[in-house]
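Please read them alongside the structure.

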Amino acid sequence: MTAAGETVTVGIREMGVRARAAARTLRSLPTGRKVQVLQAIARELRARQEPILAANAHDVRAALDAGVPEPMVARLRLDRASLEGIAADVEAVSRLPDPVGERTPAQTQPSGIRVSQRRVPLGVLGVIYESRPNVTVDVAALALMSGNAVILRGGKETVHSNAALEEAIRAALVALDLPEAAVQVIRDPARERMRELLRLDDLVDAIIPRGGAGLHRYCVENATVPVIVGGIGVVHLYLDASFTRDPADVQRAAEIVVNAKVHKPSACNALDTLLVDREALPALPAVARALLEHGVDLRADPEALSALQDAGLPARPAAAADYGTEFLALTASIRVVAGLDEALDFIAAHGNHTDVILTRDPAQAERFVQDVDSAAVIVNASPRFNDGGQLGLGAEVAISTQKLHARGPMGLRELTTTKWVVMGEGQTRR
């Protein structure tokens with residue numbers, strides 16, 4: 001390794017050492033102080049609009065010159081309105097209940113000791129993400145409010161934007177006499193720096209990737225730090241026959257399905273596969289027509305394809321790979337199923353992220369909720385509601401699809417853990 005490479009390697013480790021020291025300070029901060037920090041960050045973001053937007057414009061130009069697709073550039077771009085929205089989101093997090101310090105009621109054991117659990121920060125987080133500079137601030141706010149230090153590694157497209165945002169956050173920390181290392185951004189976009197972060201298991205308590213399947217796979221395969229995996233997975237919506245007997249419900253179904261697919265096609269909670277009860281098949285053309293009006297490419301199984309062609313609607317035959325695929329684009333697969341049992345079997349084979357049922361039968365709804373083992377199960381609403389802000393968390397670090405520690409959108413509480421507290425009066429174990 002070159003001397004320059006060795007210097008960078010030491011730098012990443014030093015970031016971990018500084019973050020660990022900062023975490024000791026943060027874990028004891030009272031709620032009021034954490035609120036002050038977030039309010040100061042919001043002020044700095046507003047006061048530094050010009051340099052932040054100039055840095056972002058640099059990143060946008062570089063992305064355009066490099067031929068980055070427009071949807072990715074759109075995720076990267078900031079303006080005054082979006083920056084104000086980011087500042088407002090930080091203030092919203094500051095108003096959320098602080099989970100740190102929550103205690104369970106103490107229980108007295110036969111030995112006389114009194115035991116309870118207390119909620120505490122995880123410690124040092126490593127968050128790896130792509131493209132969106134707002135994530136830098138969202139994650140910093142959630143980390144600080146939950147008493148954690150954080151090391152952030154954004155994508156190469158956002159290097160200048162993230163550096164400018166880091167300066168604003170650091171200014172707020174310094175103004176309140178708190179350690180700058182509470183929030184650190186890795187500015188070197190080389191993948192080797194990310195790999196070094198993934199292996200700081202003596203200094204970093206959890207890695208949270210936020211991006212595509214390739215990023216998650218890379219983190220899992222290369223990390224010695226525990227990785228909280230999420231944000232990837234297939235989203236299903238099952239249309240039950242009971243939701244198609246009233247023309248008004250058919251219209252509602254079309255609106256929900258369009259929102260699920262079209263509102264933000266690149267989001268992890270966007271619809272991938274529409275499952276249609278065979279008895280609801282007459283309603284499929286109305287739903288499909290609404291999707292086609294928004295330019296959605298439909299890929300249907302033979303039964304659904306026949307129904308669409310009979311209605312004069314364009315669709316292509318679905319391949320086996322079209323089921324179980326997270327499209328992240330204006331593409332959706334359709335499959336006809338023989339009722340709820342078959343829908344549940346299909347979701348069990350392909351799902352784990354967000355799954356929806358549209359039904360007017362309470363028993364069907366309850367069975368769906370009980371049987372589907374996904375991070376979020378939704379009845380009669382769009383899967384786009386599987387989002388930290390929409391679920392009342394203020395913001396999210398990521399959406400976890402694993403089952404250990406955290407599942408679904410990760411807000412303040414999901415960035416904490418618990419420790420046992422034992423109070424005694426001289427007892428010894430016998």
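1. In what order do the four strands of the open sheet stand, and is the pairing parallel or antiparallel? In this predicted model, the four strands follow the order 5-4-3-6, and their pairing is parallel. Strand 5 (183-185) and strand 6 are at the edges with a single partner strand each, so that one side of each has no neighbour in the sheet. On average, and with direction ignored, neighbouring strands of this sheet are turned by 20 degrees against each other.

2. Two helices that pack on this sheet deserve a look. Helix 6 touches strand 3, strand 4, strand 5 and strand 6, and its direction makes about 165 degrees with that of strand 4. Helix 9 (residues 213-222) also packs on the sheet, where it touches strand 3 and strand 6, with its direction at about 160 degrees to that of strand 6.

3. Strand 3 (residues 124-129) has six of its six residues buried, so the strand is largely enclosed by the rest of the structure. In a regular strand, side chains alternate between the two faces of the sheet.

4. The pairing of strand 3 can be followed on each side. With strand 4 (residues 149-153), strand 3 pairs in the parallel sense over five bridges, and Leu125 has Val150 in strand 4 as its bridge partner.

5. The residues it touches are Leu26, Lys34, Val37, Leu38, Ile41, Leu173, Ala182 and Val183. For one of these, Lys34, the separation from Leu144 is 110 residues in sequence, while their C-alpha atoms are 6.7 Å apart in space.

6. Helix 11 (residues 284-292) and helix 12 (residues 302-310) have axes that come within 10 Å and cross at roughly 80 degrees, and the two helices are therefore roughly perpendicular to each other. The contact is made by Leu284, Pro285 and Ala288 in helix 11, which meet Ala304, Ala307 and Leu308 in helix 12. Sorted by class, this contact of helix 11 with helix 12 has six nonpolar residues, no polar residues and no charged residues.

7. A last point concerns Gln251, which lies in helix 10 (residues 247-262). Gln251 and Ala283 are 32 residues apart in sequence, and their C-alpha atoms are 9.3 Å apart in space.

Note on methods
Residues numbered from 1 in each chain as written. Predicted model: local features only at pLDDT ≥ 70, side-chain atom pairs only at ≥ 80, totals over all residues. Heavy atoms only, no water. Axes fitted to C-alpha atoms, helices over the stretch in contact; angles between N-to-C directions. Parallel < 35°, antiparallel > 145°, perpendicular 65-115°, else oblique. Contact = heavy atoms within 4.5 Å. Nonpolar A, V, L, I, M, F, W, Y, C, P; charged D, E, K, R; others polar. Buried < 20%, exposed > 50% of the residue type's maximum accessible area, 1.4 Å probe, protein only. Pairing = 2+ DSSP bridges. Lists of a residue's contacts leave out its neighbours within four places in sequence.
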